[in-house]
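User: Hi! I'd like to go through some of the labels used for this model and hear what stands behind each of them.

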Amino acid sequence: MRARYSAFAKLEIDFIERSHDPSSRTDFDREGVKNWSENSKWTGLDILSTEKGGEDELTGSVEFIAKYENNGEAQSHHELAQFKKQDNFWYFVDGEVIGGQVIRSSPKVGRNDPCHCGSGKKFKKCCAL
């Protein structure tokens with residue numbers, strides 16, 4: 001999780017894409033992720049909890065809050081992310097945004113637009129649920 005957060009902060013879009021589960025990578029919206037990453041000032045990551053994810057395990061989850069600024073306003077992204085290990089590499093599988101009302105600081109996202117959370121999925125298959 002820390003590596004993916006760092007990749008967002010450093011605009012390492014290739015790593016974000018590579019660390020996305022290969023079975024759902026076709027849903028990855030490279031331009032949407034790049035746009036979110038570029039237009040945010042990343043200010044911190046809080047890991048709230050982890051479940052599984054040990055050296056001998058094949059799945060794990062991480063609850064985290066990613067802090068960033070967008071248009072000069074402090075924002076946070078609270079998520080419970082699911083990961084799986086394959087060939088000794090951890091892949092992001094899916095994430096569930098936790099809590100709170102989303103307050104837009106930009107125009108409304110259409111159902112088929114990339115999700116603002118950076119998952120790489122279409123909005124209708126991610127945070128719109």
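User: Why is Ser19 called buried?

Analyst: Ser19 has a relative accessible area of 2%, and buried means under 20%, with exposed over 50% and partly exposed in between (1.4 Å probe, protein chains only), so Ser19 is buried. A word on the source: this is a predicted model, where local features need pLDDT of at least 70, side-chain atom pairs count only at pLDDT 80 or more, and totals for chains, interfaces and linings use all residues. Residues are numbered from 1 along each chain as its sequence is written, and side-chain values use heavy atoms, leaving out hydrogens and water.

User: What makes Leu11 partly exposed?

Analyst: Its relative accessible area is 41%, which falls between the two cut-offs, so Leu11 counts as partly exposed.

User: Is Asn88 buried or exposed, and how do you know?

Analyst: Asn88 is at 68% relative accessibility, so it counts as exposed.

User: Why does Phe92 count as buried?

Analyst: Phe92 is at 3% relative accessibility, so the buried label applies.

User: Which residues does Phe92 touch?

Analyst: Contact means heavy atoms within 4.5 Å. Not counting residues up to four places away in sequence, Phe92 touches several residues, including Ser19, Asp21 and Phe83. The C-alpha atoms of Phe92 and Asp21 are separated by 5.5 Å, although these residues are 71 residues apart along the chain.
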